[in-house]
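Colleague: I am new to this structure. Please walk me through its features, one at a time.

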Amino acid sequence: MAVTKGKTNKKPSLVVNAYLFSYNFIQILGWSYLLFQIINFYVSPPKSQSLWDVVKYTVGIFQNAAFIEIFNVATGLVKSNLAVTIQQVLSRVAIVAAIAFIPETSDSPGLPLALIAWCFAEITRYSYYSFNIIGYIPYLIIWARYTFFYVLYPVGVTGELLVYWTSLGYVGRTKMWSIELPNKLNIAFSLWSAIAMVMLIYIPFFPQMYMHMVYQRKKTLGSPEPKKIQKKVQ
């Protein structure tokens with residue numbers, strides 16, 4: 001998580017900075033290890049394990065650890081939009097839950113696409129936050145954060161949608177976690193419809209997020225004065 005200045009320009013305490021830096025650094029290590037696991041899986045494929053069998057604990061630990069970011073924003077340790085933070089964290093957790101609980105998704109061609117995109121995005125993001133806490137962000141890190149998204153966003157979203165798409169067949173056949181009428185509570189729920197709705201939400205939101213990053217890249221990397229960039233970047 002990045003540390004940003006509040007309206008009073010009060011600097012975070014040394015303890016807060018140490019805590020946030022530690023969190024970011026641990027996440028860098030975690031996602032780097034996950035990337036190593038993925039590469040090693042394809043270089044030396046195990047005979048009796050799928051990709052998900054190899055990476056599931058690493059993904060579960062470090063993706064779910066992102067709930068800490070919601071706490072950090074909610075308590076004011078990090079200045080960011082709470083609603084956006086919750087949406088970002090839950091969207092990833094939903095994918096992990098789909099892979100963990102819906103059998104066929106672990107074999108989805110979208111799984112490696114999503115995981116690889118997440119790894120590069122998170123390693124870059126947490127590196128950026130870590131350097132920001134120190135007070136100096138190398139230009140290479142800034143460039144990577146505002147350039148890699150050109151490829152990582154489409155690849156990641158494609159992977160996530162493929163995972164959801166793969167889950168629909170199993171959920172539809174088994175009516176997993178669905179509640180049908182009639183029943184005593186007189187309520188109905190279809191997990192298949194819920195997943196389909198989530199997929200449709202990508203249509204309006206992905207272009208907005210993508211163009212927001214395009215704007216941020218132009219705003220940040222378009223400045224001819226590196227020193228000002230260091231001060232403005234959060």
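Colleague: Is Ser193 buried, exposed or partly exposed, and what decides that?

Modeller: Relative accessible area decides: buried is under 20%, exposed is over 50%, and partly exposed lies in between, with a 1.4 Å probe and protein chains only. Ser193 is partly exposed, because its relative accessible area is 37%. Ser193 sits in helix 8. Helices are DSSP runs of H or I with at least four residues, strands are runs of E with at least two, and numbering starts from the N terminus. Ser193 and Val93 are 100 residues apart in sequence and 19 Å apart in space, C-alpha to C-alpha.

Colleague: What should I know about the model itself?

Modeller: It is a predicted model, where local features need pLDDT of at least 70 and side-chain atom pairs pLDDT 80 or more, while totals for chains, interfaces and linings use all residues. Residues are numbered from 1 along each chain as its sequence is written, and side-chain values use heavy atoms, leaving out hydrogens and water.

Colleague: How many salt bridges are there?

Modeller: A salt bridge puts a side-chain nitrogen of Lys or Arg within 4 Å of a carboxyl oxygen of Asp or Glu. The count comes to five. One of them joins Arg125 and Glu69, at 3.4 Å from N to O. That pair links distant parts of the chain: Arg125 is in helix 5 (residues 110–134) and Glu69 in helix 3 (residues 67–74), 56 residues apart. Arg125 counts as buried, because its relative accessibility is 16%. Glu69 is buried too, with 4%.

Colleague: Which residue forms a salt bridge with Arg125 at 2.8 Å?

Modeller: Glu122 does; 2.8 Å separates the closest N and O atoms. Glu122 and Arg125 are three residues apart in helix 5, so about one helical turn separates them. Salt bridges with shared partners join Glu69, Arg92, Glu122 and Arg125 into one network.

Colleague: What about Arg173 and Glu104?

Modeller: Their side chains meet in a salt bridge at 2.3 Å, N to O. Arg173 is in helix 7 and Glu104 in the loop between helix 4 and helix 5, so the pair ties together parts 69 residues apart in sequence. Arg173 is exposed at 55% relative accessibility, and Glu104 is partly exposed at 31%.

Colleague: How do I read a pair of aromatic rings?

Modeller: Use the distance of the centres and the angle of the planes. Rings of Phe, Tyr and Trp (its six-membered ring) pair if their centres lie within 6.5 Å; planes under 30 degrees apart are stacked, over 60 edge-to-face, and the rest tilted. The count here is 16 aromatic pairs. Phe41 and Tyr42 have ring centres 5.0 Å apart and planes at 90°, so this pair is edge-to-face. Phe101 and Trp177 have centres 5.7 Å apart and planes at 55°, so that pair is tilted. Ring pairs also link Tyr23, Tyr126, Tyr128, Tyr129 and Tyr146 into a cluster.

Colleague: Are Phe101 and Trp177 buried or exposed?

Modeller: Phe101 is exposed, with a relative accessible area of 52%. Trp177 is exposed at 54%.

Colleague: Where is Gln37, and what does it touch?

Modeller: Gln37 is in helix 1 (residues 14–43). Contact means heavy atoms within 4.5 Å. Not counting residues up to four places away in sequence, Gln37 touches Val54, Val55 and Thr58. Gln37 counts as buried, because its relative accessibility is 10%.
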